[in-house]
Amino acid sequence: FGDLATVVREPVAGVLLDTGVSSPQLDDNSRGFSFRSKKDGPLDLRMNPTIGMPASEWLKTASVSQLAWVINVCGHSLEPLLSERVAEAILQRQREVGEYTSTHKLSAVLSEIEEEFKGEHPHLSLSQIVFCALRVFLNQEMDQLERAMEGAFQWLEVGGRCVVLTFNKWEVGALRRFVRHHEEPLGAVKDVTPGRLAELYPLLSSSKSYAVRRIGVAAAPSPEELLVNPRARVALLHVLEKVDRRSPVSCALGRGSAAGRFQ
């Protein structure tokens with residue numbers, strides 16, 4: 001996914017990025033992706049089981065702060081303090097009952113912890129949040145998506161479009177950040193120095209010859225589609241277009257600028 005820039009060899013008119021996990025992977029108990037299955041399976045969560053560390057092994061080495069960061073940043077559904085509480089409880093149970101060798105074992109513990117949040121978050125699925133966060137982290141999905149979007153716009157023709165299908169909040173957040181770092185000012189911000197304008201619009205401090213604009217609002221699945229594929233209920237379809245950059249490449253990167261931090 002992230003190697004798109006090196007695989008494509010010539011300009012293209014369009015790119016489709018589907019960020020979803022395939023149903024066969026979710027339904028295969030041996031892969032450890034599903035916490036809803038009646039059949040237990042190893043707590044793995046790797047897309048490629050020959051690369052990296054399974055979730056069960058990583059949890060044995062993780063600190064509370066590391067696990068809290070994964071839940072907060074990769075899960076993108078809990079407040080930082082709640083993520084820290086959940087991480088503390090998960091690792092405390094691990095010390096008490098042993099390592100999380102299976103999906104059912106971790107899911108059972110998360111169901112216990114979940115009761116504390118039911119009053120404020122009655123529809124919260126802690127298992128869904130934590131399993132998703134661990135999967136995203138272990139497979140470096142954030143980095144993969146960022147590199148894929150950079151690669152897509154590197155090879156898109158001007159006027160070409162990139163369609164991104166998202167399924168999680170963090171993916172929507174990553175897409176929004178990408179747009180923010182590649183859009184030009186339209187006049188809403190006035191009477192500021194060029195350096196300050198470049199902090200607000202990081203593209204101005206880059207050497208890229210193009211800008212990115214969003215086409216319309218994200219499209220949700222229709223009721224008819226949901227009847228055929230219920231897993232699409234959280235899907236959103238985003239359309240981004242590559243356009244010529246109008247602003248000159250003139251602003252130097254500031255040492256403390258937002259643009260400098262994101263290059």
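Some housekeeping: numbering starts from 1 along each chain as its sequence is written. As the model is predicted, local features need pLDDT of at least 70, side-chain atom pairs count only at pLDDT 80 or more, totals for chains, interfaces and linings use all residues, and side-chain values use heavy atoms, with hydrogens and water left out.

Okay, helix α8. Helices here are DSSP runs of H or I, at least four residues, numbered from the N terminus. α8 covers residues 141–155, so 15 residues, and reaches 21 Å from first C-alpha to last, close to the 21 Å expected (1.5 Å times one less than the number of residues).

Now, Glu141, which sits in α8. Is Glu141 buried or exposed? Buried, at a relative accessible area of 11%; the cut-off for buried is under 20%, with a 1.4 Å probe and protein chains only. Other buried residues in α8 include Leu145, Met149 and Phe153.

And what does Glu141 touch? Leaving out residues up to four places away in sequence, it's Met47, Arg135, Val136 and Trp170, where contact means heavy atoms within 4.5 Å. With Arg135 there's a side-chain to side-chain polar contact at 2.8 Å (N or O atoms within 3.5 Å, one able to donate a hydrogen and the other to accept it; sequence neighbours count only if both atoms are side-chain atoms).

Key: Helix = DSSP H or I, 4+ residues; strand = E, 2+ residues; numbered from the N terminus. Buried < 20%, exposed > 50% of the residue type's maximum accessible area, 1.4 Å probe, protein only.
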